[in-house]
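Have the viewer open as you read.

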Amino acid sequence: MRKRRLPLEWGQLLWYTDGKGGKIAMNALQPRPRIAWALGGGGVRGFAHLGVLKVLQEEEIPVDALAGTSMGAVMAALFAAGTDLKYLAALAARIAWEEFVDLRFPRYGLVEGKRLLPLIRLLTKRKKLEELGLPVRIVATDLLTGEEVVFSQGPLELALRASISIPGVFTPVPYGEHLLVDGGLVAGVPVKAATAMGTDLVFAVYVPGKLVAEPPRSVFDILYRSSEIMMHQLDGIQLKQADFILVPEVGDVGTLQFSRVEECIKKGEAAARKALPALRRIIAEFQTDWGKAAGDRI
């Protein structure tokens, strides 16, 4: 059982190690920054987000808002819905994911995605986006216009099904005048959507696949590699706007390599624990700057 923290006294400081033998002081009575987390897409690599969120929760690192693309959107929604992360990690590592793949005649995609909907409803407790415990934005792409579509309200199952719809794998999702596919086409890591939520800081979790320097073996390899290169370039533009970027070491995991789910979760935990001193330092620096600004106003 975790120890309950004692009530803080006026002016009391919380001390944390900086990972290098030093200490970081965080003033418990100065306003801490409100932090939005942008969780990127990456298929199975996105399960690293689960490990990251688990550590953030255990270490009481602020999560005030979330924006997600593809698997990042799924993890953002589950976290904000209050799903138990330890249970979710155990479930994700043991579930037979192939049972949720409903193959169809490939006119618009190989997977229809209907079998995923009951699981999404169960894990998100049938909540709508506006009913979640935290503000969440889910990013998809309009295949007809090429524009980014950001969900902030409405049924979670619709928004998530759209955001995970990898073109050619999942069938697109009709939505009003839109035809929606994976948000990764326009925002592989949705820093822009997170920034628009109005928090003080935006931290990003980036789980890209590695570009392997091997000659393509087919026209499909060429198409896939080309799309990966374009998305890496787009990701770079978004990531420049983030205040901190956390990159779990999952680049060698295939987008649909479900046998490595547990490995990705552990890699996410390891990356988050390694980043704790940096995260606390940024928070402490914000508090220091706030304190100086407040003093100047007095």
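## A loop residue and its surroundings

Asp 64 sits in the loop between α1 (48-58) and β4 (65-69). This is a predicted model, so keep that in mind for everything that follows. Is Asp 64 buried or exposed? Its relative accessible area is 15%, and because the cut-off for buried is under 20%, Asp 64 counts as buried.

So what does the side chain of Asp 64 make a polar contact with? One partner is the side chain of Arg 32, at 2.8 Å. Leaving out residues up to four places away in sequence, Asp 64 touches Arg 32, Pro 33, Arg 34, Ile 35, Leu 134 and Pro 135.

For another loop residue, have a look at Lys 125, in the loop between α4 (116-123) and β6. Lys 125 is partly exposed, with a relative accessible area of 48%. Its contacts, setting aside neighbours within four places in sequence, are Ala 81, Gly 82 and Thr 83. Leu 78 is 47 residues from Lys 125 in sequence, yet the two C-alpha atoms are 9.1 Å apart in space.

## Helix α3

Staying in that part of the sequence, helix α3 covers residues 85-94, and Leu 85, Leu 88, Ala 89 and Ala 92 in it are buried. Viewed down the axis of α3, the buried residues fall within an arc of 100 degrees, so they line one face of the helix. On the face of α3 turned away from the buried side you'll find the exposed residues Lys 86 and Arg 94. At the N-terminal end, α3 is capped by Asp 84, which places a side-chain oxygen 3.2 Å from the backbone nitrogen of Lys 86.

## Strands and how they pair

Overall, the protein has 8 helices and 12 strands. Start with β11 (residues 201-205), where 5 of the 5 residues are buried. Both of its faces are covered: Leu 201, Phe 203 and Val 205 are buried on one side, and Val 202 and Ala 204 on the other.

β11 has a parallel partner in β3 (residues 35-39), joined to it by 5 bridges. In that pairing, Leu 39 stands opposite Val 205. β11 also runs parallel to β12 (residues 244-246), with 3 bridges between them, and Phe 203 has Phe 244 of β12 as its bridge partner.

Then there's β10, which pairs in the antiparallel sense with β6 and also with β9. Thr 141 stands opposite Val 181 in β10, while Pro 174 has Leu 179 in β10 as its bridge partner. The hairpin of β9 and β10 has 2 residues between the strands, and Gly 176 there takes a positive phi near 60 degrees.

Here are these pairings side by side:

| Strand pair | Sense | Bridges |
|---|---|---|
| β3 (residues 35-39) and β11 | parallel | 5 bridges |
| β11 and β12 (residues 244-246) | parallel | 3 bridges |
| β6 (residues 136-142) and β10 (residues 178-182) | antiparallel | 3 bridges |
| β9 (residues 173-175) and β10 | antiparallel | 3 bridges |

## Cores and the whole chain

Which residues touch the most other members of the largest nonpolar core? They are Trp 37, Phe 47, Leu 66, Ile 138 and Phe 151, in a core of 67 residues. Helix α8 (residues 261-297) supplies the largest share of this core, with 10 residues. A second, separate core has 16 residues, among them Ala 67, Val 139, Tyr 206 and Ala 242.

Zooming out, 48% of the 298 residues in the protein are buried. Of the contacts with a separation of 6 or more, 72% are between residues 24 or more positions apart.

Finally, a word on confidence. The average pLDDT is 83, and 79% of the residues score at least 70. Residues 1-13 have a pLDDT below 50, and this stretch has 18 contacts in the model beyond near neighbours in sequence.

Terms used
Residues numbered from 1 in each chain as written. Predicted model: local features only at pLDDT ≥ 70, side-chain atom pairs only at ≥ 80, totals over all residues. Heavy atoms only, no water. Core = buried A, V, L, I, M, F, W, Y, C linked by side-chain atoms within 4.5 Å. Buried < 20%, exposed > 50% of the residue type's maximum accessible area, 1.4 Å probe, protein only. Helix = DSSP H or I, 4+ residues; strand = E, 2+ residues; numbered from the N terminus. Polar contact = N/O pair within 3.5 Å; in protein donor to acceptor, adjacent residues only side chain to side chain. Contact = heavy atoms within 4.5 Å. Pairing = 2+ DSSP bridges. pLDDT = per-residue confidence, 0-100. Arc of directions from axis to C-beta.
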